[in-house]
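Open the model in your viewer and keep the selection tool ready. The stops below say what to select next and what is there.

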Amino acid sequence: MSERATGAAPDHDPGTGWSMVVPAGGVLVVAGIPGAGKSTLIQRLYHGGPAGGRVDDPLVLDSAQVRAVLARRLGCLPYALYRPVVHTVHYWRIAAWTAGPRRNLVIHECGTRTWARRTVAALARLRRRPAHLVFLETSPAAALAGQHARGRVVPHRSFRRHERSWARMRAALRDGSLAREGWTCVRGISREEAARLAEIRFE
């Protein structure tokens, strides 16, 4: 087992193409600071659709889905004005689906908000569902470059908060306290390992 993995299911060698397995009915949180590569990974593995491109794909929950719907309805209204609504609806959807029907879930979430992380883990435990956390350990500098590449940059003050939370998550991953939040499996992967990840399957 990698020193950065706790409770991980067997997988292939991360040095080549590799895969991860999440038990059926599980909840998978793909975490990392803005620009870490969460959207890229999820879209590549699950075809980018809200519920995936195939009938057996998991349901993907991403705040970008909520933002897109509201943007169409609110027209040219600046995003800053309805950002709190986007986040509120996103967390409501996460809570509803985690505590609701036993369906395979993939959640796009920074994970830097401790209360949000622990709530997902607690709701999964309540429903006796395996909860896996994959933390993209992309450095803040690389994540900031990723934001510029996608053309959507997080405000400086907000990103600094994410950066401090990233450091705390990384330390918690290494000392085991992140896993003790109630996750079935916690794994940290580099940006390079994420690029070589061929699949995360539920079975």
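Select leucine 77. At 36% relative accessibility, leucine 77 counts as partly exposed, a class that lies between buried (under 20% relative accessible area) and exposed (over 50%), with a 1.4 Å probe and protein chains only. Leucine 77 sits in the loop between helix 2 (63-74) and helix 3. Helices (H or I, at least four residues) and strands (E, at least two) are DSSP runs, numbered from the N terminus.

The model is predicted: local features need pLDDT of at least 70, side-chain atom pairs count only at pLDDT 80 or more, and totals for chains, interfaces and linings use all residues. Residues are numbered from 1 along each chain as its sequence is written, and side-chain values use heavy atoms, with hydrogens and water left out.

Patch members have over 30% relative accessible area and no salt bridge; nonpolar side chains (Val, Leu, Ile, Met, Phe, Trp, Tyr) are joined within 5 Å, like charges within 9 Å. Accessible areas come from the Shrake-Rupley method with a 1.4 Å probe; for residues, only the protein chains shown count as cover.

Move to helix 3 (residues 79-99) and pick tyrosine 79 and tyrosine 82. How many aromatic pairs does a search of the whole structure find? The search finds 2. Tyrosine 79 and tyrosine 82 form an edge-to-face pair, 5.3 Å centre to centre, with 85° between the planes. Rings of Phe, Tyr and Trp (its six-membered ring) pair if their centres lie within 6.5 Å; planes under 30 degrees apart count as stacked, over 60 as edge-to-face and the rest as tilted. The two tyrosines are 3 residues apart, about one turn of the helix. Buried or exposed, tyrosine 79 and tyrosine 82? Both are buried.

Next, the salt bridges. The structure holds 7 of them; each is a side-chain nitrogen of Lys or Arg within 4 Å of a carboxyl oxygen of Asp or Glu.

Select arginine 118 and glutamate 181. Their closest N and O atoms are 3.6 Å apart in a salt bridge. The pair links distant parts of the chain, 63 residues apart: arginine 118 is in helix 4, glutamate 181 in the loop between helix 6 and strand 7. Arginine 118 is partly exposed at 48% relative accessibility. Glutamate 181 is buried, with a relative accessible area of 11%.

Then take glutamate 137 and arginine 174. This salt bridge has its closest N and O atoms 2.8 Å apart. Here too the pair links distant parts of the chain, 37 residues apart: glutamate 137 is in the loop between strand 6 and helix 5 (140-150), arginine 174 in helix 6. Glutamate 137 is buried, at a relative accessible area of 11%. Arginine 174 is partly exposed, at 41%.

Stay on helix 6 and select arginine 160 and glutamate 163. Their side chains meet in a salt bridge (3.0 Å, N to O). Both residues lie in helix 6, 3 residues apart, about one turn of the helix. Arginine 160 is partly exposed, with a relative accessible area of 36%. Glutamate 163 is partly exposed at 24% relative accessibility. Elsewhere, salt bridges that share partners join Arg117, Arg118 and Glu181 into one network.

Now select Arg157, Arg161, Arg164 and Arg168. They gather in a patch of positive charge on the surface. Lys and Arg count as positive and Asp and Glu as negative; His and the chain ends are not counted. The place of a charge is taken as NZ of Lys, CZ of Arg, CG of Asp or CD of Glu. Arginine 164 lies in helix 6 (residues 156-175) and counts as partly exposed at 44% relative accessibility.

Go to arginine 128, in the loop between helix 4 (114-126) and strand 6 (131-136). Most residues other than glycine have a negative phi. Phi of arginine 128 is near 55°, a positive value. Arginine 128 is exposed, with a relative accessible area of 74%.

Cysteine 185, in strand 7 (residues 185-189), is buried at 2% relative accessibility. Cysteine 185 and histidine 132 are 53 residues apart in sequence but 4.8 Å apart in space, C-alpha to C-alpha. Last, select alanine 121 in helix 4. Alanine 121 is buried at 0% relative accessibility. From alanine 121 to leucine 133 is 12 residues in sequence and 9.2 Å in space, C-alpha to C-alpha.
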